[in-house]
Amino acid sequence: MERVNNEDFLRRVAKRAKFTQADTEILCEALLSEIKEVMYEGKKLAIPGFGVFSLMLHKGHPVRFSTEKKDLPDYVVFSFSPYPTLRR
């Protein structure tokens with residue numbers, strides 16, 4: 001599967017929305033910042049027709065780095081669950 005880089009993505013969004021590429025970049029940065037902030041507040045963000053962004057707590061567990069054993073503490077990861085309409 002081919003990847004679309006950030007510049008190409010912003011160009012495509014700008015064309016579709018009929019915005020300048022600079023305005024589109026500002027909008028996308030604001031959107032992503034707001035998504036992160038909502039999740040850091042411990043909330044889920046559901047975008048209808050797209051999916052749900054959330055944080056998931058992973059329990060700590062023992063890990064082995066070469067011969068050394070350590071306990072990894074609990075940690076949080078970003079999660080995205082696409083709506084069924086996006087799944088193929």
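## Pockets and aromatic pairs

Helices α1 (6–17) and α2 (21–40) each supply at least two residues of the lining of the largest pocket, helices being DSSP runs of H or I with at least four residues and strands runs of E with at least two, numbered from the N terminus. This is a predicted model, in which local features need pLDDT of at least 70 and side-chain atom pairs count only at pLDDT 80 or more, while totals for chains, interfaces and linings use all residues. Residues are numbered from 1 along each chain, and side-chain values use heavy atoms, without hydrogens and water.

A pocket is an open set of points on a 1 Å grid where a 1.4 Å probe fits, with protein on both sides within 12 Å along at least five of seven lines, and its lining residues have an atom within 4 Å of a point. The largest pocket holds about 380 Å³; among its 18 lining residues, Phe-9, Cys-28, Leu-31, Leu-32 and Ile-35 are the closest to its centre. Helix α2 gives the largest share of this lining, 9 residues.

Rings of Phe, Tyr and Trp (its six-membered ring) pair if their centres lie within 6.5 Å, and planes under 30 degrees apart count as stacked, over 60 as edge-to-face and the rest as tilted. Two of the pairs are listed here.

| Pair | Centre to centre | Angle between planes |
|---|---|---|
| Phe-50 and Phe-80 | 5.2 Å | 45°, tilted |
| Phe-53 and Phe-80 | 4.8 Å | 45°, tilted |

Phe-53 lies in strand β2 and Phe-80 in strand β5, 27 residues apart. Phe-50, Phe-53 and Phe-80 form one aromatic cluster.

Methods:
Points joined across faces, edges and corners; volume = space filled by probe spheres on them.
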